[in-house]
Amino acid sequence: MNTLHTADMYNYGTLLALLDRHQNFALSTHINPDGDAIGSELSLYLFLTQLGKSVRIFNTDAVPVNYRFLPSWDSIEDIHSVGTYRPEVLVVLDASTLERIGKALAATLLPTHTLVNIDHHATAEAFGDINLIKPSASSTSEIVYTLIKHHQTPISKACAICLYTGLMFDTGCFRYSNATAETHRIAAELIEIGDFAPDEVYRHVYEHIPVSKIRLLSEILRTLQVTDDGKIASVYATQTMFLKTGTTSEAVEGVVNQIQAIAGVEVALCVCEQLDGSTKVSLRSQGQVDVSELASEFEGGGHSRAAGCRVVMPYLSAITALVHTAQRYINQPSTRCGDSLKD
Ligand code: 5GP
Ligand code: MN
């Protein structure tokens, strides 16, 4: 594994030269893609297409229904379409590690020339031949925005709404501390270019909740446990709940943020039982604990205030292990974690 060099971090010029030089691109992002994952890959897709490049997108998981209003969302293919196709350049966005695009896809989608990694995670690995990793960016979409600006190609309307969706999602609708003055300025510019109504984007992403998800939410909230000191709150979701409510683990997205909003809670966690019996863990912090460090003890990662991991243990054991570890972090002399918040 490469270590991260400062020179890798803001490598816009090198990357733009590479994009200009090649013709054939594939893009991918992490499993269970969110607004920034989809927004950043679609915006890069639209930009490269505008330059006359041949571009394909391959994701392990389907586009969640609430992002199916975005331009070109239906151009996203799955692993079955890869076949013998080999892009010259593979660009991986928002993924932290190459494996997070899905192990099978990472082993199938092999570039003939260059692997590019664009990311803003504090725990991002420099797995690419070219790494554009900027933890101070609100989102991977913000990095793609800056990249396009460096190219001096006008941002298209379609591209603007994809970039805006990524920014909006990863800043928790501009609520988190990673939403800086600069992020707001970029958002304003994108609204003007894209000529869309921001409230409509919000509604697409957050207010098309299927009733089955609300039923699942009520099941999950019933599992709420808070430690005696009130600082750690946890909930869990099981396969039985998904069967009962007709949902999948995709519907668990966002639940942890509600748990984090409980007064006095420093660390919130939501664990989700996977089909193979392993457990996906989502962690959120109010600032006292760096949950990306906590997650890395379980081979995960993320940001100081939003992180996650997958553990090979049943969900109840996972809660016990995670709460125990979170308690240790809370009992440590507090070093408030920094800026970066979400995805
Ligand atoms: P979420 O809880 O919303 O799924 O993820 C929160 C943050 O943690 C995101 O930035 C996400 O990319 C990161 N994250 C979640 N799960 C994992 C994981 O298994 N490994 C790593 N490295 N990061 C993760
Ligand atoms: Mn992101």
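**A close look at strand E4**

Mentor: Happy to! Five bridges join E4 to strand E5, residues 114-119, and these two strands run parallel. Within that pairing, leucine 93 sits opposite isoleucine 118 of E5. To get from E4 to E5 the chain passes through helix H4, residues 103-108, making a β-α-β crossover that is right-handed. Do keep in mind that this is a predicted model.

E4 also pairs with strand E1, residues 24-29: five bridges join E1 to E4, and they too run parallel. Here alanine 26 is the residue opposite leucine 90 of E4.

Now for the burial of the strand itself. A residue is called buried here if 20 or more other C-beta atoms lie within 10 Å of its own. Five of the five residues of E4, which spans 89-93, are buried, so the strand is largely enclosed by the rest of the structure. Both of its faces are covered, with Val89, Val91 and Leu93 buried on one side and Leu90 and Val92 buried on the other.

Stepping back to the whole chain, there are 13 helices and twelve strands. Its radius of gyration is 20 Å, close to the 20 Å that the globule rule gives for 343 residues, so the chain is as compact as a globular protein of that length. Buried residues make up 46% of those 343. Among contacts with a separation of 6 or more, 69% are between residues 24 or more positions apart. Taken along the principal axes, the C-alpha atoms fill a box of roughly 60 × 45 × 40 Å.

Methods: Residues are numbered from 1 along each chain as its sequence is written. Chains are lettered from A and ligands numbered from 1 in the order in which they are written. This is a predicted model: local features need pLDDT of at least 70, side-chain atom pairs count only at pLDDT 80 or more; totals for chains, interfaces and linings use all residues. A residue is buried if 20 or more other C-beta atoms lie within 10 Å of its own, exposed if 12 or fewer, and partly exposed in between; C-beta atoms are placed from the backbone. Helices (H or I, at least four residues) and strands (E, at least two) are DSSP runs, numbered from the N terminus. Two strands pair if DSSP finds at least two bridges between them. A crossover is right-handed if, with the strands pointing away from the viewer, the path from the first strand over the helix to the second runs clockwise. The radius of gyration is taken over C-alpha atoms; the globule rule is 2.2 Å times the number of residues to the power 0.38. Two residues are in contact if their C-beta atoms, placed from the backbone, lie within 7 Å.
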